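Open the model in a viewer and keep the selection panel at hand.

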Amino acid sequence: QFAYFLEKLRSTREGDGTLLDHSMILFASSLSDGNVHSRANLPIVLLGGGAGRIKGGRHIRYAKDTPLTNLFLTLLEMTGVRIENFGDSTGKLELLSIA
């Protein structure tokens, strides 16, 4: 169903691109190992171009113990929400955006 959803976004024209080009979709889990309830090395996929704000086609590995809330803070700023912190965030993520 998720692949179907992404294909629908990719095939729907919007302005100078597609709905997928203009979207930011986070597909993630809150646990990397459910047997031990580990939150280390979470599986996270960020899809879409964020209306030209996100450079795609990459695998980015951030430093160990980087809070997931740093990603949330970065995505919020990309959508125009300006806040200083979010949960236990320590700052915005570098390398994610084009600008």
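Helices (H or I, at least four residues) and strands (E, at least two) are DSSP runs, numbered from the N terminus. This is a predicted model, in which local features need pLDDT of at least 70, side-chain atom pairs count only at pLDDT 80 or more, and totals for chains, interfaces and linings use all residues. Residues are numbered from 1 along each chain as its sequence is written, and side-chain values use heavy atoms, with hydrogens and water left out.

Select R39 first. R39 sits in the loop between β3 (25-28) and β4. R39 counts as exposed because its relative accessibility is 68% (exposed is over 50%, buried under 20%, partly exposed in between; 1.4 Å probe, protein chains only).

Next, show the largest pocket, with about 1,200 Å³ of space. Among its 30 lining residues, L42, I44, I60, Y62 and L68 are the closest to its centre. β4 (44-47) and α2 are the elements that give two or more residues to the lining. The lining comprises 15 nonpolar, eight polar and seven charged residues. A pocket here is an open set of points on a 1 Å grid over the protein atoms alone, where a 1.4 Å probe fits, with protein on both sides within 12 Å along at least five of seven lines; lining residues have an atom within 4 Å of a point.

Finally, select I83, in the segment after α2 (68-78). I83 is partly exposed because its relative accessibility is 37%.

How values were computed. Points joined across faces, edges and corners; volume = space filled by probe spheres on them. Nonpolar A, V, L, I, M, F, W, Y, C, P; charged D, E, K, R; others polar.
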